[in-house]
Amino acid sequence: MSQIELRPGLADVPVAESAVSFIDGKRARLEYRGIAVETLARESCFEETTWLLLKGDLPTQKQLADFDDQLRHHRRIKFRLRDLIKCLPESGHPMYALQASVAAMGMFYPARDVTNEKSNWESTVRLIAKLPTVCAAFQRLRYGDEPITPRDDLDHAANFYWMLFEKEPSPAIRKVIDACLVLHAEHTMNASTFSGRVTGSTLANPYTVISAAIGTLTGPLHGGANEEVLDMLEEIGNIQNAKPWIDDAVAKKKKIMGFGHRVYKVKDPRATVLQDLAEHVFAETGRPKLYDLAVEVERIMTDILGPKGIYPNVDFYSGIIYQALGIPRDLFTPIFAIARVAGWLAHWLEQLVNNRIFRPEQIYVGKTNQAYVPLSKRP
Ligand code: CMC
């Protein structure tokens, strides 16, 4: 048998050709369909960016208006789905509730024929439109409150805030939420996207594809890091403790949450935009002490691990923003999913165009040719 080389974590192994997004990890460059993410965060909105990711080009005014109408139309969820969410344990993580609800949506909507472009588009719109509603419904129901009905007169970001707090966001806060959704919407062949593409390659229905991707996003090495960053900052406690805490963690070879990236060897461009956005949020909410501590942690980490190419990633500042907005910590990763569903679906549609089921190789290191010893003869 020819010797095949194992690349742990598939590092540097291409698994697909993709035209959805592009990263230059040395120049801190992230583009969606060729457009810099910083430009989209500033000039575009989540709905338009989602169309761009799904279709490949910016929409015309009419296309965007129609797409926006479709999203608003599909925000509501079936009462049976709401009842299902009501039955989930309130102590469970909202990511598990989101994953379970999305998997269950596959039982409510006909989507098994993935060769049907019309049905694929309907599923795409439904998933993008309903994820915020499911997330907000679980947040309300777990405290014994009725879910807040989505409002058709609000855009995607403002409506999500409305469903969480039953109040409209200020224009500045709406813009910050919208920009956070844009920044998290897509990121090349990351673990959850790959997971979605693997599931999609079996021609599974899109709800199953997205629930697989959501499950993969839960892990602390991926989307779950944004929650852990705040736990870590709270554990560090104050600026004086930052240096000894980090020295100790580095000496013990602990991973510092919110730092490091497989592709970026400089500061993640999304972290830079998020920091800028944070200043806008704090102008309204007040500047949290945790933010000053985070800036100090970044400074110390840059001295110690910068030479190794370890800098803040997107998760380092996002949680501080969400916390300042009053969003509970365990909703940070679901918000990541509400945004990333756009990228997952763009990759799913791309996968289907030239699909071949993923079936990689393994390097077998187990025993061979073993005798079967009957149970009665075993000690
Ligand atoms: N803190 C300390 N050391 C680190 C860190 C970190 N956050 N990240 C990487 N390293 C070190 C690591 O110990 C290893 O050192 P050595 O070569 O001496 O053994 C080297 O850098 C390479 O690390 P790796 O874990 O092999 O790198 P990877 O490309 O497999 O992992 C990563 C990338 C993002 C999983 C990793 O950097 C990490 O665990 N970071 C912390 C978790 C985190 O913030 N995740 C969010 C990622 S961005 C958003 C998302 O994808 O959801």
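**Exercise 1.** Determine how H5 and H6 are oriented to each other, and which residues form their contact.

*Solution.* Step 1. In this predicted model, the axes of helix H5 (residues 94-108) and helix H6 (residues 117-141) come within 10 Å and cross at roughly 135°.

Step 1. Angles over 145 degrees count as roughly antiparallel, 65 to 115 as roughly perpendicular, and angles under 35 degrees as roughly parallel, the rest being oblique. H5 and H6 are therefore oblique to each other.

Step 2. The crossing in which H5 passes H6 is right-handed.

Step 3. On the H5 side, the contact consists of Pro 94, Ala 97, Leu 98, Ser 101, Val 102 and Met 105. These meet Arg 126, Leu 127, Lys 130, Leu 131, Val 134, Cys 135 and Phe 138 in H6. Sorted by class, the contact of H5 with H6 holds 10 nonpolar, one polar and two charged residues.

**Exercise 2.** Describe how H16 packs against H5, and then how H16 packs against H2.

*Solution.* Step 1. Two packed helices are described by the angle between their axes and by the distance between those axes.

Step 1. For H5 and helix H16 (residues 332-353), the angle is about 35° and the axes lie 8 Å apart. Pro 94, Met 95 and Leu 98 of H5 meet Thr 333, Pro 334 and Ala 337 of H16. The contact of H5 with H16 comprises five nonpolar residues, one polar residue and no charged residue.

Step 2. Helix H2 (residues 46-55) packs with H16 at an angle of about 20°, and the axes are 8 Å apart. H2 is therefore roughly parallel to H16. H2 passes H16 in a right-handed crossing.

Step 3. H2 contributes Phe 46, Thr 50, Leu 53 and Leu 54 to this contact. H16 contributes Ile 338, Ala 339, Ala 342, Gly 343, Leu 345, Ala 346 and Leu 349. Nine residues in the contact of H2 with H16 are nonpolar, two are polar and none is charged.

**Exercise 3.** In what order do the strands of the three-stranded open sheet stand, and which of them are at its edges?

*Solution.* Step 1. Strand S1 (residues 21-24) and strand S2 (residues 29-32) run antiparallel and are joined by four bridges. Ser 21 has Tyr 32 in S2 as its bridge partner, and Phe 22 has Glu 31 in S2.

Step 1. S2 also pairs with strand S3 (residues 35-36), in the antiparallel sense, over two bridges. Here Glu 31 has Ala 36 in S3 as its bridge partner, while Tyr 32 stands opposite Ile 35 in S3.

Step 2. The order of the open sheet is accordingly S1-S2-S3, with antiparallel pairing. S1 and S3 stand at the edges, each with a single partner strand, so one side of each has no neighbour in the sheet.

**Exercise 4.** Which residue has a positive phi in the turn of each hairpin?

*Solution.* Step 1. The hairpin of S1 and S2 has four residues between the strands, and Ala 28 in its turn has a positive phi of about 55°.

Step 1. The hairpin of S2 and S3 has two residues between the strands, and Arg 33 in its turn has a positive phi of about 50°.

Conventions
Residues are numbered from 1 along each chain as its sequence is written. This is a predicted model: local features need pLDDT of at least 70, side-chain atom pairs count only at pLDDT 80 or more; totals for chains, interfaces and linings use all residues. Side-chain values use heavy atoms; hydrogens and water are left out. Axes are lines fitted to C-alpha atoms, for helices over the stretch in contact, and angles run from 0 to 180 degrees between N-to-C directions. A crossing is left-handed if the near helix is turned anticlockwise from the far one by less than a right angle, and right-handed if clockwise. Contact means heavy atoms within 4.5 Å. Ala, Val, Leu, Ile, Met, Phe, Trp, Tyr, Cys and Pro count as nonpolar, Asp, Glu, Lys and Arg as charged, and the others, Gly among them, as polar. Two strands pair if DSSP finds at least two bridges between them.
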